[in-house]
Amino acid sequence: MQGGVQFGGSPSGCFADIFAISLRATSADESYVFAAGPDSSWQYADDPSVLKSLNDPSRRALGVGGKPCPVAKPMKAEDYIRQNILKLYPSGVTVVSVAPFPELNEIVRRRRGLPPGNGNTGDTRTEAVRVRLAYQKDGKDMEDWVAVGIVVNIYAAGRGSFYDSHATSLVAFSAPKGKLDANDKLFQVIVSSIQPEPQWVTYSGGVLSKLYQAQAQKVASIDQMWSQFYMHAAQTINGETANAMRGANASFFHEDQNIRGVQTFRDPATGKTQELSNLYDHAWQNGSNDYIMSNDASFNPNEHISGNWSELQAVNP
């Protein structure tokens, strides 16, 4: 697996995207690929005077490299994939199907402290979809799932609304043609298992909150609308950070695991615990961070797969 965090690695200059996180994992023969891309943000206003201000670089904060936050209308998750992700694929890529992805939507909402459900919650809208693609790469027929969550925060501005949009939790899974459906459960397991470390949430959220607060103070005497936006954004980030930390507490832990589709397993030899998918009842490990899961109580990987596999115990959080 390969991955990392690049400061200022996003093409946008939005403060929210200042940490660009990505990862890539492949099968041994690289015929199967799982990838996750960085978040992306943009802004828009439906009041012409506010929109004019939004397009004025002298009145807006610039991110790393002097880049501004892009100006674009809010869009559906499907449109985001069609407009921004398909161009990364070989020519001739075909959209086979588009379907809601409620599991990903719940993960996105939970991380932001929003109640379960799709659509609107106060001044926030969320949505997630999974798009199936077909294309050719290096002469081979391939199929992909691409999924993304969209979050739109809405604020009053002028005679209309200001829209702060974010594409988040962008993930993709590639497989040879005819093999994608057989890996549906694996794809969902990987998506539900991605969870930021509390230390990273605290650090990154703290950095972003300070950036927004500093910008709010900077423009307070110049532009009240922008000052209010940056302070509200800082408060939102602080709330998201607190919610993520709260999810690590015992009273919220079980609910958080259910939403993410994981459960806790313990190594009886060491007492060490590990979160794995809750779609399977049995799990084994080989001591090298490799895991095998099954719902067959009689299955023993030591009889079928090389290596020394020890069974883990499912435990209550």
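**Group meeting talk: a pocket, some rings and a histidine**

Hi everyone, let me open with strand β9, which gives the most to the lining of the second largest pocket, with five residues. Before I go on, please keep in mind that this is a predicted model.

So, what else belongs to that pocket? At least two lining residues each come from β2 (19-26), β3, β4 (40-45), α2 (77-85), β7 (124-137), β8 (140-157) and β9 (160-176). The space in the second largest pocket is about 1000 Å³. It is lined by 38 residues, and those closest to the centre are Ala35, Ile85, Leu88, Tyr89 and Ala172.

Now, on to the rings. How many aromatic pairs does the structure hold? There are nine. One that I'd like you to find on the screen is Phe34 with Phe187, a tilted pair with 6.5 Å from centre to centre and 55° between the planes. Phe34 sits in strand β3 (residues 33-37) and Phe187 in helix α4 (residues 184-193), so this pair ties together parts that are 153 residues apart in sequence. Are these two buried or exposed? Phe34 has 3% relative accessibility and therefore counts as buried. Phe187, at a relative accessible area of 0%, is buried too.

Here is another pair for you: Tyr155 and Phe162. Their ring centres are 6.2 Å apart and their planes meet at 40°, so this pair is tilted. Both Tyr155 and Phe162 are buried.

If you follow the ring pairs along, you get a cluster made of Tyr32, Phe34, Phe101, Trp145, Phe173 and Phe187. Elsewhere, Lys185 places its charged end over the ring of Tyr280, 5.0 Å from the centre.

Last stop, His282. This residue is in strand β12 (residues 282-285). Which residues does His282 contact, leaving aside its neighbours within four places in sequence? They are Phe265, Ile292, Met293, Ser294, Asn295, Asp296, Ala297 and Glu311. Take Ile292 from that list: it is ten residues from His282 along the chain, and the two C-alpha atoms are separated by 8.4 Å.

Technical notes:
Residues are numbered from 1 along each chain as its sequence is written. This is a predicted model: local features need pLDDT of at least 70, side-chain atom pairs count only at pLDDT 80 or more; totals for chains, interfaces and linings use all residues. Side-chain values use heavy atoms; hydrogens and water are left out. Rings of Phe, Tyr and Trp (its six-membered ring) pair if their centres lie within 6.5 Å; planes under 30 degrees apart count as stacked, over 60 as edge-to-face and the rest as tilted. Helices (H or I, at least four residues) and strands (E, at least two) are DSSP runs, numbered from the N terminus. Buried means under 20% relative accessible area, exposed over 50%, partly exposed in between (1.4 Å probe, protein chains only). A charge sits over a ring if NZ of Lys or CZ of Arg is within 6 Å of the ring centre and within 35 degrees of the ring normal. On a 1 Å grid over the protein atoms alone, a cavity is a set of points where a 1.4 Å probe fits but cannot get out, and a pocket is an open set with protein on both sides within 12 Å along at least five of seven lines; lining residues have an atom within 4 Å of a point. Grid points are joined across faces, edges and corners, and a volume is the space filled by probe spheres set on the points. Contact means heavy atoms within 4.5 Å.
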